[in-house]
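Work through the exercises below with the sequence and the model side by side. Each task is followed by a solution in steps.

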Amino acid sequence: MQGTFWTTEDPTTRRRGDLDIEGGRIVLPDGHLVETMEVLEQTAVAISLVPRSLTNLEFTVHGDLDSGLEVTIPNVTVGSYTDHVQELRFLEVLEGTHADATLQYRSATIVFDAPHDALVAKWMLEGSLSVPKVGTVKLSRSERTIEFADLPGITQSEIERCLIQPMANLLTLLSHEVPRIKELSLVSTDTSDSSGERRHFVRRKEFAQASAETRVRPIVSLQHFGMDEIARWYEMNDALNPVCAVIGKTISSHSLPVESRVLHLAASVEAVHRVLLGTQRMTRSEAKKIRSTAVAAVPDSAKLAVRSLLADLQYPTFADRLEEMLNGIGSFASDIAGVLTNSSPDAPTGQVAWIKAVTRHRNFFAHQEPHSPSDLRTFAGEMFVLFESLGWLLTVALLTKVGIDTGKLEDELRSTSQFQLFRERSIELWPSIYRATSESPTADASQ
C-alpha cells in the first residue's frame, strides 16, 4: 500500500513508501525517514559524521495512504538501509486515525480466529466484570465478537495484558489450542474526530502458524462459565501471572520437547500451590527456633550451610505440594495420578510412585543430575505420561478454584477423547502407577 510517512519525532520530514502489513515492513525507496548518521564533530569548514546507533531505538510512524486511510505504526525499528533506500520494521499497524503512543481507549472489541470463534459464538457473556488493575468493565458478546466496554481510559497495552490475555489463557486451557486474534478494534476516549469517536483497527504482521483445526471441542463446556466464574478466573490469572499462560501454552504445545513440558508444568505446580493453597509445615517462629537450634549444634564452618539448607523449613517440600494438590481434587486424583495404595518405600506404586517420579524427574532437570535411561522408549513413554498427568492435575485444580462443580467437571473430562486417550496410555505405559478401576486396591486411609 503506497503512501506518505513521517515520524512523530520529526513530522516535517516525510517520505513516500510502500506499507506491507503482512510482512511487517515499510520500504522507502527515495530517502531515509530515520536518520542513520549523526554529527561527531563540526567546525567552520567541515562536519564529521558517524553511523547512528539504532540499537533498541523505536519510533512511532504516521502515514497517509493513497487510499485515504490514516495509519499509526508504533514501535518501528530500522531494519536495513543503503544510501537511498530504507526499510523499517514493525509488528502492528493501527488503522483509522493518527495517534500517539499514550492514547487511551474506552472500549475494545475482539474476534478470535477459527476455530475459537465458533466456541465464543455459543458463550453467554453479559454483565459487569471486575478486572484486577483495571476496575469494573462491561463484558458482552454479539455473534462471534466479544466487547469490553466502559473502560476507565486505558492504553492498548493494558487492554491486551489485562483484558484480552486472561480470556485467551482460559480458552487455551479449555481447548488445548492457543487462540489467535483475528480482529481487534479500539475506541479512543478522545472524541475530537468529526464522527464523534476515534476508532482504531489493529492489524498485525503475519507469522507462520500451524494450520488450525476446523473445529475444537472444549474439555469443559463454556456454559459453566458465567460472570462469577469469569471474574474468579481473572482474579486467579492476575494472582498467578504469568503461570496460567505458561500452563496453557505448554499443554497445547506441538513443538516443545517433552522434558521441557514436564519441567514447565512441575514448576507451575509449585506456583499454583503457593498461591492457591499457601499451606506451611510450621509457623515462621517454629522454623526459626529449629534453625537456631540446628545452627548452634554444628561447627562454625558449617553454620552458614546449615542455615541456608533450612531456610525454607516452614514451607512444604515439592512432594508435599504434589500430595496436597492431589488431595484437593478428590476422587479424580486416582484417574490422574494413580490410586492410593499400601505402597512400600522399596516398591512404590500408585500415587506414591507418581509423586516420586515427578519429583525425581524435576530434580534431574533442576539440579542437572546425570541421567541416562537404559530403555529410551520406556523413558520417553513415561515422560509423556508425566506431562499429560501434570497438565490434567493443573487444569482440574484451576477450574475447581474458579467454582466449576467438581462432579460436573469430572463427568465432562472423563467423556473427552483427550482424557480417555491419556488414561489408556497411562495404564499401558506405567502399570505400576495406573491400573484399571476394577483392579484398583482399596485405598488405605492411613496413607
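## Exercise 1: An aromatic cluster

Phenylalanine 422 and tyrosine 434 are both buried, where buried means under 20% relative accessible area, exposed over 50% and partly exposed in between (1.4 Å probe, protein chains only). The model is predicted, so local features need pLDDT of at least 70 and side-chain atom pairs pLDDT 80 or more, while totals for chains, interfaces and linings use all residues. Residues are numbered from 1 along each chain as its sequence is written, and side-chain values use heavy atoms, with hydrogens and water left out.

Task: describe the aromatic pairs that involve phenylalanine 422.

Step 1. Rings of Phe, Tyr and Trp (its six-membered ring) pair if their centres lie within 6.5 Å; planes under 30 degrees apart are stacked, over 60 edge-to-face, and the rest tilted. The whole structure has five such pairs.

Step 2. For phenylalanine 419 and phenylalanine 422, the ring centres are 5.6 Å apart and the planes stand at 55°, so this pair is tilted. The two residues are three positions apart in helix 13 (residues 417-429), which puts about one helical turn between them. Helices (H or I, at least four residues) and strands (E, at least two) are DSSP runs numbered from the N terminus.

Step 3. Phenylalanine 422 is in helix 13 and tyrosine 434 in the segment after helix 13, so the pair ties together parts twelve residues apart in sequence.

Step 4. One aromatic cluster is formed by Phe332, Trp392, Phe419, Phe422 and Tyr434.

## Exercise 2: A pocket and a cavity

Task: state which helix gives the most residues to the lining of the second largest pocket, and which gives the largest share of the lining of the largest cavity.

Step 1. On a 1 Å grid over the protein atoms alone, a cavity is a set of points where a 1.4 Å probe fits but cannot get out; a pocket is an open set with protein on both sides within 12 Å along at least five of seven lines, and lining residues have an atom within 4 Å of a point.

Step 2. The second largest pocket holds about 570 Å³ of space. Among its 22 lining residues, Ser175, His176, Ile251, Glu388 and Gln418 are the closest to its centre. Helix 4, helix 11 (376-401) and helix 13 each give two or more residues, and helix 11 gives the most, six.

Step 3. There is one cavity of 30 Å³ or more. Its lining consists of Gln165, Asn169, Thr172, Val178, Cys244, Ala245, Gly248 and Lys249. Helix 2 (156-175) and helix 4 (243-252) are the elements that give two or more residues to this lining, and helix 4 supplies the largest share, four.

## Exercise 3: One residue and the whole chain

Task: is isoleucine 290 buried, exposed or partly exposed, and what share of the chain is buried?

Step 1. Isoleucine 290 belongs to helix 6 (residues 284-296). Its relative accessibility is 40%, so isoleucine 290 counts as partly exposed.

Step 2. Leucine 310 is 20 residues from isoleucine 290 in sequence, and the two are 8.7 Å apart in space, C-alpha to C-alpha.

Step 3. Of the chain's 447 residues, 43% are buried. Its secondary structure comprises 13 helices and 15 strands.

Conventions
Grid points are joined across faces, edges and corners, and a volume is the space filled by probe spheres set on the points.
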